[in-house]
Amino acid sequence: MTTEAILQTGSALIAVWAKETLTPEPNRLDAIIEPDDLLAAVTALRDAHWGYLSTITGVDLGVEAGEFELLYHFCAGAAILTLRVRIPRDQPVVTSIYSVIPSVSFYERELIEMFGITIEGTPNTDRLFLPDDWPQGVYPMRKDFNPADA
Amino acid sequence: MPTTPTQENDVFRIPIGPQHPALKEPGHFEFTVDGEVVTAATLRLGYVHRGIEKGTEGRNWIQSLYLLERVCGICSHVHATAYCLGVEKLAGVEAPPRAQAIRVLVAELERIHSHMLWLGVAAHEAGFDMLFMYSWRDRETVMNLLEGITGNRVNYSANQLGGVKCDIDGEQADDIRVGLDFLEGRIKHYLDVVSQDTMFLRRTRGIGVMTREDCERMGIVGPTARASGVELDLRVHAPYAAYPEHPVNLVTATAGDLEARFIVRVNELFESIRLIREILDDLPEGDLSVRVPRRIPAGETISRVEAPRGELFYYIKSNRSDMADRVKVRTPTLPNMASVLEIAVGHQLADIPMILTGIDPCFSCNDRMVAINDPSRGEQAWTWEQLRQYGIEYYR
Amino acid sequence: MSAIAALLIFPGGVFLLLVGMIYEWIDRKLVARFQNRMGPRWFQPLADTIKLLAKEEVVPDGVDARLFFTLPVIALAGAMTAALYVPLVGFEASYSFSGDLIVTVYMLSLLTLGTGLAGANTLNRFSLIGATRTLTQLFSYEAPFLLALLGPAIVADSWQIGEITDYAGDHVWLLVTQPIGFLVALIGLMGKLELPPFDAPEAETEIVAGALTEYSGRGLALFHLGKGVELVIGLTLVAAFYLGGVTHPLIFVAKTLALLSILAGLQALMTRLRIDQTVGLWWRYGALLVLAQFLALIVWEGVM
């Protein structure tokens with residue numbers, strides 16, 4: 001199956017929830033979805049055995065934009081399907097997909113400690129990378145965190 | 001005051017790490033055991049977290065290259081390659097064919113170096129020091145080759161944005177060929193050892209089995225997944241750099257146990273040697289690099305390369321400045337680490353170091369950091385010659 | 001007087017400890033050369049011992065301090081007492097009585113027992129697991145090892161080491177007539193000394209240093225010395241029983257060194273066995289084989 005065909009299969013699986021789809025590069029497909037639809041879309045991909053979850057990227061769009069963007073990258077061969085979810089910066093809450101893909105635990109823990117995002121329903125919220133004496137409420141990957149101040 | 005092990009709800013927990021002879025890098029595992037059998041496992045990382053991802057946000061594109069190359073000491077070249085390929089894609093330039101071929105050549109030498117290192121470590125975990133000592137001795141060959149090409153035994157710094165820094169002339173090519181002939185003979189021997197030595201097979205056959213379904217469910221990548229029959233190798237399925245011109249044969253096994261992981265990795269060494277010879281015979285002529293603008297156009301890209309341990313994932317976002325807006329690194333060890341916690345349960349404590357090593361973990365990669373050399377501490381800088389003399393004197 | 005001299009200086013005491021160190025060095029050097037390493041310098045075991053003796057001994061919290069200090073002494077004393085009944089480096093044993101073979105074997109076990117108890121005495125988890133493994137291993141090789149040494153005793157019709165070695169010297173090497181006993185004795189010795197592949201009780205990649213993890217300084221030095229002494233006694237017993245009795249000291253030392261190089265080769269060649277595999281190996285194969293040979297010997301003696 002060609003990369004385009006694989007991407008089309010994936011696109012069809014999540015078409016119901018995708019508000020908009022983009023093709024930034026030939027082997028990529030980005031689907032913008034609502035946070036509430038995340039679990040359903042991931043379940044659809046998992047049930048169809050479409051690729052595997054490669055990682056979750058957290059992006060701080062900045063204080064002015066007031067939003068975080070979470071990118072759930074699914075890979076199948078050369079094809080990469082990204083579910084893009086935007087959540088408000090002042091109330092960063094997103095549903096865990098642990099119930100569907102248990103191996104996501106590490107990525108979710110990383111989001112919790114690095115961005116201060118609340119992941120609802122993930123079983124383990126312990127620190128993974130940051131030291132035990134790292135101050136509470138300081139999230140190093142946010143744009144307003146300056147390493148020089150720390 | 002140490003707690004009596006039996007006080008904690010009658011659970012006997014064995015801590016492995018952060019400092020432990022089985023771990024060459026720091027990580028903290030806690031295995032709950034019932035007699036000798038493991039019943040639960042937890043993991044704590046971050047002992048070598050250096051904040052590299054954050055570090056890239058305050059540095060320009062070229063500085064970040066040197067930072068990212070130091071994510072890992074063993075597979076530094078693949079990190080630089082993934083980053084360079086990504087940035088070049090964003091900038092809309094493409095490195096010349098000769099540069100791409102040299103990138104692949106160094107990457108394959110690095111794979112040989114990494115896999116031989118792993119072979120030694122894994123043998124040591126099983127208490128088979130003979131294989132450990134010999135494979136590390138032979139690894140010196142490939143490290144010398146890398147030093148001949150790039151000037152460094154680790155952190156080769158072969159890449160630059162838009163190409164590579166080092167060229168390969170006829171003499172170096174001959175050196176590499178001689179080194180590879182020697183290594184090929186040795187690796188054949190190691191294949192015999194890991195697939196035939198009955199004592200060693202007692203420790204690897206049928207241990208730590210992962211089925212193909214397990215691997216796909218947990219998102220396992222690299223040789224660990226290929227040992228369970230998952231057909232996933234980015235060099236084959238999403239070829240980058242010079243891999244389209246020099247196709248790779250997929251190496252897989254079906255058993256999914258430790259023995260299969262040994263066999264897959266050793267067989268990959270043969271494939272790497274074949275590939276290096278092919279590239280040396282057919283090295284394209286031309287420039288080593290093209291110019292890359294200082295400011296990279298806005299956009300985001302995903303760059304994936306096959307590190308020795310599996311899929312290395314880079315997400316790079318630019319907002320049209322001379323600095324990256326976000327660089328996300330997902331190293332192959334992180335998804336593979338999840339598998340350790342799962343398959344450890346039900347195994348003997350004695351098998352744990354082997355299972356852990358079976359995925360070829362790299363904690364530095366996982367943690368991604370920066371050790372900043374503090375000039376105020378006034379550490380004395382030694383020249384290479386001074387170090388060498390010191391070594392000779394010391395062991396006289 | 002001569003008894004005290006024998007105990008403290010020659011062939012027991014100082015001399016025995018030095019021989020133990022030399023044998024340990026030869027073993028380490030051979031393994032290192034087999035593994036393509038340089039290996040330690042000739043005085044390394046001595047230097048290690050002096051260093052350890054000079055070091056502070058850290059007593060961890062929660063241990064019984066008296067046991068912590070006495071166990072290494074008991075272990076070393078056991079091994080050195082055993083040496084009194086053994087024809088060390090080809091010299092006549094200092095003491096002898098009928099049945100000293102059994103005493104010797106049990107004295108040798110004191111070291112292992114001491115190690116196990118030392119591990120169980122601490123709260124360290126690695127030590128506790130190491131202690132369990134040490135004692136488990138003790139029960140797996142002890143019976144086969146004893147049976148392997150009783151084989152020569154049966155044919156010599158005596159349980160006195162001196163008489164057995166005399167018999168062994170007068171007849172064809174027992175290695176030829178009792179090959180299984182020889183093998184089991186030699187491999188049992190590796191188990192006793194926790195040499196690879198039987199080093200699961202101190203497998204560093206799992207449980208650091210096993211039962212002795214909490215030991216430093218004097219205690220550790222005494223345990224190490226005890227190991228060296230046990231190595232000498234074990235090699236002496238096997239050589240005297242199976243390789244033609246006690247002969248000229250130089251020839252006898254050459255025989256023990258030959259055995260030592262076999263041990264070193266086996267250590268280098270093999271992968272560590274898991275503790276369950278060790279136990280399985282001894283009871284499924286070692287014990288049954290040597291028992292079969294033992295019964296055959298008894299029947300043979302009866303028929304003759």
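Predicted model: local features only at pLDDT ≥ 70, side-chain atom pairs only at ≥ 80, totals over all residues.
Ground rules first: residues count from 1 along each chain as its sequence is written, and chains are lettered from A, ligands numbered from 1, in the order written. Local features need pLDDT of at least 70 and side-chain atom pairs 80 or more, while totals for chains, interfaces and linings use all residues.

**Chain C, H2.** I listed its buried residues, among them Leu16(C), Tyr23(C), Glu24(C) and Asp27(C) (buried: 20 or more other C-beta atoms within 10 Å of the residue's own, placed from the backbone). The buried set packs against H3, H4, H11 and H12 of chain C (contact: C-beta atoms, placed from the backbone, within 7 Å). After H2(C) I found Asn36(C) with a positive phi near 65°.

**Chain C, H9 and H11.** I checked the axes of H9(C) and H11(C): they come within 10 Å and cross at roughly 180° (lines fitted to C-alpha atoms over the stretch in contact, angles from 0 to 180 degrees between N-to-C directions). The two are therefore roughly antiparallel (over 145 degrees). Phe182(C) and Leu189(C) are among the H9(C) residues making the contact, Gly234(C) and Tyr242(C) among those of H11(C).

I saw S2(B) and S3(B) pair antiparallel over seven bridges (pairing takes at least two DSSP bridges). Asp34(B) has Val37(B) as bridge partner, and Gly35(B) takes a positive phi near 70°.

Note on methods: Buried ≥ 20, exposed ≤ 12 C-beta atoms within 10 Å, placed from the backbone. Helix = DSSP H or I, 4+ residues; strand = E, 2+ residues; numbered from the N terminus. Contact = placed C-beta atoms within 7 Å. Parallel < 35°, antiparallel > 145°, perpendicular 65-115°, else oblique.
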